[in-house]
Amino acid sequence: MNCSEFNSNIKSFNDGSIDDDILEEYINHYKSCSQCREELEIYYLIHKVFDGDFEQENKGMQDLNLKLSLENDIKSKEDMIYKEYKQKFLFSLAFWTGNVTAIITAMYFIFYIFL
Ligand SMILES: [Zn+2]
């Protein structure tokens, strides 16, 4: 992902509508590009303030630490990606184990019947 792609997805990242397929690349770019990181932090701040949920989340806090809040958001999205990977992996493992078992069983019967 390049910087202009990153910037064109800032809005969808902040409102949570970003495509799952690009989320991982998005986070990778966020980590590797300090310019875009700053850009996202600014928009994140604006989004949170205008969205109104920031005040609620941080009621009673003296220091509004938006950077930390953004990092937590990134972290939870990363966890989500990781969980999805794990699910996909387990699914394909179950799928292929099932297939291999079926093939071995079929071969066993073929040998059993014909030999
Ligand atoms: Zn960039």
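In what order do the elements of the protein chain run from the N terminus on? They run α-α-α-α-α-α. This is a predicted model, and its protein chain has six helices and zero strands.

**Whole chain.** Start with everything selected. The protein chain has 115 residues, and 10% of them are buried. Take the contacts between residues with a separation of 6 or more: 58% of these come from residues 24 or more positions apart.

**The core.** Next, select Phe6, Phe13, Tyr26, Tyr30, Cys36, Leu40, Tyr44 and Leu70. These eight residues form the largest nonpolar core. The biggest share comes from α4, with three residues.

**Tyr30.** Now pick out Tyr30, one of the core residues. Apart from its neighbours within four places in sequence, Tyr30 is in contact with Cys36, Arg37, Leu40 and Ile74.

**The α3 and α6 pair.** Two packed helices are described by the angle between their axes and the distance between the axes. Show α3 together with helix α6 (residues 66-114): they pack at an angle of about 140 degrees, and their axes are 10 Å apart. Angles over 145 degrees count as roughly antiparallel, so α3 and α6 are instead oblique to each other. The crossing of α3 past α6 is left-handed.

To see where the two helices meet, select Leu23, Glu24, Ile27 and Tyr30 on α3, then Ile74, Lys77, Glu78 and Ile81 on α6; these residues make the contact. Coloured by class, the contact of α3 with α6 shows five nonpolar, no polar and three charged residues.

Note on methods: Residues numbered from 1 in each chain as written. Predicted model: local features only at pLDDT ≥ 70, side-chain atom pairs only at ≥ 80, totals over all residues. Helix = DSSP H or I, 4+ residues; strand = E, 2+ residues; numbered from the N terminus. Buried ≥ 20, exposed ≤ 12 C-beta atoms within 10 Å, placed from the backbone. Contact = placed C-beta atoms within 7 Å. Core = buried A, V, L, I, M, F, W, Y, C linked by C-beta atoms within 7 Å. Axes fitted to C-alpha atoms, helices over the stretch in contact; angles between N-to-C directions. Parallel < 35°, antiparallel > 145°, perpendicular 65-115°, else oblique. Left-handed = near helix turned anticlockwise from the far one by under 90°. Nonpolar A, V, L, I, M, F, W, Y, C, P; charged D, E, K, R; others polar.
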